[in-house]
Amino acid sequence: MKTAYDVPPEVGRLRQGALVVGVVFLIVFLAGAFFNRQQFFHSYLIGYVFWIGIPLGSLALLMLQHLTGGGWGMVIRRVLEAATRTLPLMLILFMPILFGAHHIYPWTDRATFAHEPVMLEKIDRYLNLPFFIVRAAICFAIWILLAYLLSKWSRDQDKGTDRAATKKMRVLAGPGMVLFILTVTIIAIDWVMSISPEWQSTIFGLLFVASFTLSALAFAIAMVARLSDREPLADVVAPLHFHDLGKLMLALVMLWAYFAYSQFLIIWSGNLPEEIVWYLPRTHGGWGAIAITVVILHFAFPFFFLLSRSLKRNPHRLVSVAVLILIMRVIDLIWMIAPDFTGARFHISWMDIAAPLGIGGIWVAMFARELNQRPLMAFNDPQMESVLEQAHEHHGKEFVEES
């Protein structure tokens, strides 16, 4: 259906470029499997966890927008919806983690813990591969169902075939947010924390809830900023919308930092051998330098820059902060995951870089394909009128100032 909000040709070019980058780096990355199979699966996990964070975080932001309303959510809504529709792809890309589970998770070899009764009981009851697969399947089923319903009702809203579509999305968003937090907590424990099966943290799941949502918002800001100078978004998106998005990104940066610091503070103050073992290799040597870099570039810089009103209202400056956050999310995941395999020895493999680029190229190409399927704005949404009023008011002021 042709509308005034059809996707510009730049999205098609993004898809082609991303597909080329993805294929090239995946070929290079796959070649690494012949030289170091263990490192291949370790690096794949890092790249996969980063990229699944964007569609999952987009699902959270989408439900938040349906619950709260506001122009900030309307201008990024199609980007969020397109991102959530890539979840079936992420289900397929999850298969290598299952195939390589024995190279990633020590609990898959029960003999390793033959003299640890507590660990054996944990393996029997929870950390075993069949139950691991069942939990992952349930989580994917919930995510894909939520994404499907929200996307379907949004399409019905565009066509005007379902007058109750807006209410349906709002009603689903409440319990959907609860399910999102529960399922992300499950996969954070299963996919990342269980690499060190004897270590545990009650904040670990919330840390991933915040980081996934932050990654998704940074990606959405980067996409909308890229398209804001072109039709149709040029007539719809105003500095006020970027200001609101910048404030939300500041809040999520602070939330992520709060969870990360709280986890560290609780474990540091407790000073228990079974808890500090996770932080010991990550706070010394090269890994310690990475930790300081994460604190500065993932929290301090974005925090102080996002305090500026003029920066938040400038899409080109705001997108630089968003890209920095996305880069730091990859580095933070390397810091969280890699030391479980290398210990105190600082080592970052070239595959740790190739995996995110290869998986990312394929994901972005799929995302661009999905974005191209719908108009860039939900033109039949009741909130669309207020968004257009804000944009027209801004453009009117610009016209008066130029005159």
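**Notebook: cavity, pockets and helix packing**

I recorded that Q39, H42, I46, A338, F341, T342, H347 and D352 line the largest cavity. The model is predicted: local features need pLDDT of at least 70, side-chain atom pairs count only at pLDDT 80 or more, and totals for chains, interfaces and linings use all residues. Residues are numbered from 1 along each chain as its sequence is written, and side-chain values use heavy atoms, with hydrogens and water left out.

**Entry 1: the cavity**

I noted the terms before going on. On a 1 Å grid over the protein atoms alone, a cavity is a set of points where a 1.4 Å probe fits but cannot get out; a pocket is an open set with protein on both sides within 12 Å along at least five of seven lines; lining residues have an atom within 4 Å of a point. Grid points are joined across faces, edges and corners, and a volume is the space filled by probe spheres set on the points.

I searched the whole structure and found one cavity of 30 Å³ or more. The largest cavity holds about 50 Å³ of space. I then asked which elements give two or more residues to its lining. They are α2 and α16 (339–342), where helices (H or I, at least four residues) and strands (E, at least two) are DSSP runs numbered from the N terminus. The most comes from α2, with three residues. By class, I listed three nonpolar, four polar and one charged residues in this lining. Here Ala, Val, Leu, Ile, Met, Phe, Trp, Tyr, Cys and Pro count as nonpolar, Asp, Glu, Lys and Arg as charged, and the others, Gly among them, as polar.

**Entry 2: the largest pocket**

I looked up the largest pocket, which has a volume of about 660 Å³. Its lining has 23 residues, and F50, W51, L326, L357 and V364 lie nearest its centre. At least two lining residues each come from α1 (9–32), α2, α10 (204–227), α15 (315–337) and α17 (351–371). With seven residues, α17 gives the most. I recorded the classes of this lining as 19 nonpolar, two polar and two charged.

**Entry 3: the second largest pocket**

I found about 440 Å³ of space in the second largest pocket. Of its 18 lining residues, W256, A260, Y261, A291 and V295 lie nearest the centre. The helices α11 (239–270), α13 (285–305) and α15 each supply at least two residues of the lining, and α11 gives the most, with six.

**Entry 4: two helix pairs**

I examined how α2 (residues 37–68) packs with α8 (residues 129–159): the angle is about 45° and the axes are 11 Å apart. Axes are lines fitted to C-alpha atoms, for helices over the stretch in contact, and angles run from 0 to 180 degrees between N-to-C directions. The helix α2 is therefore oblique to α8, as angles under 35 degrees count as roughly parallel, over 145 as roughly antiparallel, 65 to 115 as roughly perpendicular and the rest as oblique. On the α2 side, the contact (heavy atoms within 4.5 Å) includes Y48 and I52; on the α8 side, it includes F140 and W143.

I next took α1 and α17, whose axes come within 7 Å and cross at roughly 150°. That makes α1 roughly antiparallel to α17. Their contact divides into 19 nonpolar, four polar and two charged residues.
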